[in-house]
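This report describes how parts of one protein chain pack together. Please look over the sequence and the model before reading on.

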Amino acid sequence: MPEGTQRIPAVEVADGFRRMWRDLLPVGRCDATGGYRRHAWTAADAECRAWFAEQARVRGLTYETDRNGNQWAWLGDPMAGDAVVTGSHLDSVPDGGAYDGPLGVVGAFAALDALSARGLRPERPLAVVNFTEEEGARFGLACLGSRLMTGAVRPETAGALRDADGVTLAAAMERAGRDPAAAGRDDERLARIGAFVELHVEQGRHLADTPHPVGVASAIWPHGRWRFDFRGEANHAGTTRLEDRRDPMPAYAAAVLAARANAERLGALATFGRIRVEPNGTNAIASLVSAWLDGRAPDAALLDRLVEETARAAEGAEVTRESYTAVVNFDVPLRDRVVHVLGGVPVLPTGAGHDAGILAGEVPAAMLFVRNPTGVSHSPYEHAEEADCLAGVAALAAVLEDLLTSAPDGPGGSLLSARTAPPRATPGRS
C-alpha cells in the first residue's frame, strides 16, 4: 500500500462505506423532491469532485484530473501500465437517485479499503475513476467524459454543446478552471489501462427475485437519442378556429403513441422524456415542439425500425440523431473470469448505457450489478439494500484482487489478447 495509508481492519470496511455514503448523501439533493441534481461543472458537481479528491488524499493515493475532466486516484505507479481501473460517476439525471453512479465510486474506494485490510500488495497499478457528465443531464450527450477520452466524440463537437441556459461545455469547463482546448482522445491514458471493472446498481429487476445480490453484465443494448422538431404557427388559443390552426402538438402526441406501440411490437424500449415548447404559453398555440426520443433495442436492426416507424408517424417532423451507441458485448474472457471468481453468479444484459460500455471498445471491460429490489432508477425512489451494497463491495474487491495478483493470461483467459473489440461508440452528429 502507498506510504501514509494505514492498514484498515476488515471490521471497519463496512463502517467506511457507510461514512462515505453519509458524506455524499446531502450533496446536490433537492429538498422538495428528494432527488439529486448533480449536473456537470456546477456547484454540486464541484462539491462531489472535492469529496473524491479528499478520498484520494486520506488514502495516500496519487490524485490527478485528466484533460477531459475525469478524476483519477492511483495506487501504485500511474505510468506503469497494465493497470486495473474501477469506478463510475458522481453526476445525476434531474431528480435522480442516490445510487446510480455514486455506488460505483464509493464502492471502489471501499473495495480498495478491503484490499488494504488484507494487506494486499498489488503487482499492477490500481486506479479509481470518476467520469464526468456520464448522464448527459446538462449538455445532452451521455458518457461525455469517457467519449472524449476514447475519441468517440470530437472535442470541438463536445465543446459546442449547450445547456438549457445556452452555456457551452467549453465555457462551463473554463469557469471550473479546466482548459477545453486540451480535451480529446487520450491515447496515453488509455494505454495505461489493462482492464476496467465498474460496479453499478442494477437498473431493472433481473436480480430482484433471485437469491443473488450481485450479477455480471453480458452486453449493453444499442441505444441512442433522437431530437424530433415539430414546426407550426403560434396563434391565440381562444380565437383561432381548429381548422385554421397549424398546431404541432397533435403530431407530437401521435409520435409519442406510435413510439410506445412500436416498442411493444418490436420488443424494444422508447421514451419521450424531454420536451421543449415555444412560446410555451397556456393560452397560445405552439410554434415549435422539440422532443427527444430515447430508443433502445436488443439489436441495431430493431432499433433502426423503431426510430424509422416512429418518424413516419410524426407527420413531417425533422428528426436528428444526437447520439448513438452500438451494441456492446463485454469482453468474454474478462467476463468469464469475473464469474469464476465470484463462484458463478447470474449473467444479464442491460438496456442502460455506461462508461464501461464506452471503454469496452478500447480495453477489456466488465460490469457488476448490485440487486435493486424494485428496479426503479433515475428516480428518488432508486434503492439498494445496504447488505447488497456491501456484497457488491466484497465482490468488487475479490475481482480486483484476482486481477491485481494474477498474470493477465491467468484463470479465465487473456485480458489483452484474443478478443474481438465491439464497435466503438459514435456520436450522432459531428
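## Two packed helices

Helix 2, residues 43-58, packs against helix 3, residues 102-117, at an angle of about 10°. The axes of helix 2 and helix 3 are 11 Å apart. Angles under 35 degrees count as roughly parallel, and helix 2 and helix 3 are therefore roughly parallel to each other. The model is a predicted one.

On the side of helix 2, the residues that meet helix 3 are W51, F52, Q55 and A56. Their partners in helix 3 are V105, V106 and F109. Sorted by class, this contact between helix 2 and helix 3 has six nonpolar residues, one polar residue and no charged residues.

## Nonpolar cores

In soluble globular proteins, nonpolar side chains tend to be buried together. Here the largest nonpolar core has 56 residues. W51, F109, L342 and L368 are the residues with the most contacts inside this core. Helix 3 gives the most to the core, with eleven residues. Another core lies apart from it and has 26 residues, including Y252, L266, F272 and L303.

What surrounds L368? Leaving aside neighbours within four places in sequence, L368 is in contact with V197, E198, L199, H200, V214, G215, V216, V338, L342, A395, L396 and V399.

The N-terminal end of helix 10 is capped by D331, with a side-chain oxygen 2.9 Å from the backbone nitrogen of L334. After helix 10 comes G343, which has a positive phi, near 75°.

S218 lies in strand 6. Is S218 buried or exposed? Buried means under 20% relative accessible area; S218 has a value of 18% and so is buried. Not counting residues up to four places away in sequence, S218 touches V328, N329, F330, R335, V347, L348 and P349.

A270 is part of strand 9, which spans residues 269-278. With a relative accessible area of 19%, A270 is also buried. The contacts of A270, leaving aside neighbours within four places in sequence, are A259, A263, L293, D294 and L306. A270 and V105 are 165 residues apart in sequence, and their C-alpha atoms are 29 Å apart in space.

Most residues other than glycine have a negative phi, and most peptide bonds are trans. The peptide bond from E278 to P279 is cis, with omega near 0°. P279 lies in the loop between strand 9 and strand 10 (284-285).

D95, a residue other than glycine, has a positive phi, near 55°. D95 is located in the loop between strand 3 (83-89) and helix 3. H378, also a residue other than glycine, has a positive phi near 55°. The place of H378 is the loop between strand 15 and helix 12. At 41% relative accessibility, H378 counts as partly exposed.

Methods
Residues are numbered from 1 along each chain as its sequence is written. This is a predicted model: local features need pLDDT of at least 70, side-chain atom pairs count only at pLDDT 80 or more; totals for chains, interfaces and linings use all residues. Side-chain values use heavy atoms; hydrogens and water are left out. Axes are lines fitted to C-alpha atoms, for helices over the stretch in contact, and angles run from 0 to 180 degrees between N-to-C directions. Helices (H or I, at least four residues) and strands (E, at least two) are DSSP runs, numbered from the N terminus. Angles under 35 degrees count as roughly parallel, over 145 as roughly antiparallel, 65 to 115 as roughly perpendicular and the rest as oblique. Contact means heavy atoms within 4.5 Å. Ala, Val, Leu, Ile, Met, Phe, Trp, Tyr, Cys and Pro count as nonpolar, Asp, Glu, Lys and Arg as charged, and the others, Gly among them, as polar. A nonpolar core is a set of buried Ala, Val, Leu, Ile, Met, Phe, Trp, Tyr and Cys residues joined through side-chain atoms within 4.5 Å. Buried means under 20% relative accessible area, exposed over 50%, partly exposed in between (1.4 Å probe, protein chains only). A polar contact is a pair of N or O atoms within 3.5 Å; within protein, one must be able to donate a hydrogen and the other to accept it, and residues adjacent in sequence count only if both atoms are side-chain atoms.
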